Amino acid sequence: MVTINSMMCKGCGYCIRFCPKHILEMSKERSEKGHFYPVNIDEKACTTCAICALMCPEGAIEVTSKED
Amino acid sequence: MAEYKRPKSLMPMATGYCPGCLHALATRLVADVIDELGQAENAINVVSVGCSALNLYSWCGDVIGSAHGRAPAVATGVKRCLPERLVFTYQGDGDLAAIGLAEIMSAANRGENFTVVFANNQTYGMTGGQMAPTTLLGQKTTTSRDGRDCLTTGYPMKMCELISVLEAPVFVARYALNTPKGVMDAKKGIKKAFEKQLRGEGFTFIELLTNCPTNWGMNPLDTLEYMNTNTIPYFTPGVFKDKEAEK
């Protein structure tokens, strides 16, 4: 599962650019800090490859493997 | 499947870097490696002046702030006094390749047993985007408005190539942080350099190609493309010296 900390995100969009499944999208609303941030629009399609977390400059994304 | 947790060596807050700045990614990579090696309590981060000094606010472990460009000189003293500690400097290109050129070349030539992490964004970021020694030919900055001209300001300085011709350094490598592959390679390179230092092998130098969305005047995603088409062809990523492999 991908957890995005909107308080740390600055909205650069690297995670959206590099997500191989194209399931991250910029939010419509701004965070408390005033930035747009990525949201996961399809949790089921996520393979938890963690490329979004790898490319996040701020370390705002944490990835845990799916429980099944 | 993979898991990722934010490294404990970083403060649990946003860094001071601009949105999309790969300096923040470079800092995070170093923190990742230090956590993986279990050296969070043992590491000493020596920073000097420039955007790299923002590490002072986001680094959880020991940090020393030194004068502009003098981080390798300070790190030399720290490492000689505390040989058991993992000592590394984190410097930008204006800091390392311009004002600190004497310090870095001397420290490399002496083969001091510490690691230099060099974030090269081809501009002076913090002071407002002036031309650095590493600025590419034709690149516009606030002090080279028509683009850098080699007739008046020379050519971009290739630090990895310069340092790799010295006898003492044991590992010299350059990585670009604009693709996931580059980031993964960089992480392996930083880990290798730190392991070499912990084994007491000698001086290690890691150059990380980064961007500066604010001073290049582009949005973050465009800077990654700019790096692909302009930066990487000139500053070729790769391992320039690895004494272990030469044996």
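Which residues are buried in helix 10 of chain B? In this predicted model, they are Pro220(B), Thr223(B), Leu224(B), Met227(B) and Thr231(B). An α-helix has 3.6 residues a turn, so residues three or four places apart point the same way. The buried residues of helix 10 of chain B pack against helix 1 of chain A, and also against strand 5 (171-176), strand 6 and helix 9 (213-216) of chain B. Helix 10 of chain B covers residues 220-234 and has a kink of about 45°, centred on Met227(B). Its end C-alpha atoms are 20 Å apart, which agrees with the 21 Å that its 15 residues should span at 1.5 Å a residue.

Strand 4 of chain B, formed by residues 115-120, is mostly covered, with six of its six residues buried. In a regular strand the side chains alternate between the two faces of the sheet. On one side of strand 4 of chain B lie Thr115(B), Val117(B) and Ala119(B), and on the other Val116(B), Phe118(B) and Asn120(B); both faces are covered. This strand runs parallel to strand 3 (residues 86-92) of chain B, to which five bridges join it. Within that pairing, Val117(B) is the bridge partner of Tyr90(B). Strand 4 of chain B also pairs in the parallel sense with strand 6 (residues 204-209) of chain B, over six bridges, and here Asn120(B) stands opposite Leu209(B).

Val117(B) also has a place in the largest nonpolar core, which holds 91 residues. Together with Cys52(A), Leu177(B) and Leu208(B), Val117(B) touches the most other members of this core. Helix 1 (residues 22-36) of chain B gives the most to the core, namely nine residues. In soluble globular proteins, nonpolar side chains tend to be buried together. Beyond its neighbours within four places in sequence, Val117(B) is in contact with Ala26(B), Val30(B), Phe88(B), Thr89(B), Tyr90(B), Ile190(B), Ile206(B) and Leu208(B).

The contact between the chains takes 23 residues from chain A and 22 residues from chain B. On the side of chain A that touches chain B, the elements giving two or more residues are helix 1, helix 2 (51-55) and strand 4 (61-63) of chain A. Helix 2 of chain A provides the largest share of this side, with four residues.

For chain A, the mean pLDDT is 90, and 97% of its residues reach 70 or more.

Notes
Residues are numbered from 1 along each chain as its sequence is written. Chains are lettered from A and ligands numbered from 1 in the order in which they are written. This is a predicted model: local features need pLDDT of at least 70, side-chain atom pairs count only at pLDDT 80 or more; totals for chains, interfaces and linings use all residues. A residue is buried if 20 or more other C-beta atoms lie within 10 Å of its own, exposed if 12 or fewer, and partly exposed in between; C-beta atoms are placed from the backbone. Two strands pair if DSSP finds at least two bridges between them. pLDDT is the predictor's confidence in each residue, from 0 to 100. A nonpolar core is a set of buried Ala, Val, Leu, Ile, Met, Phe, Trp, Tyr and Cys residues joined through C-beta atoms within 7 Å. Two residues are in contact if their C-beta atoms, placed from the backbone, lie within 7 Å. The expected span of a helix is 1.5 Å times one less than its number of residues. The bend at a residue is the angle between axes fitted to the seven residues ending there and the seven starting there.
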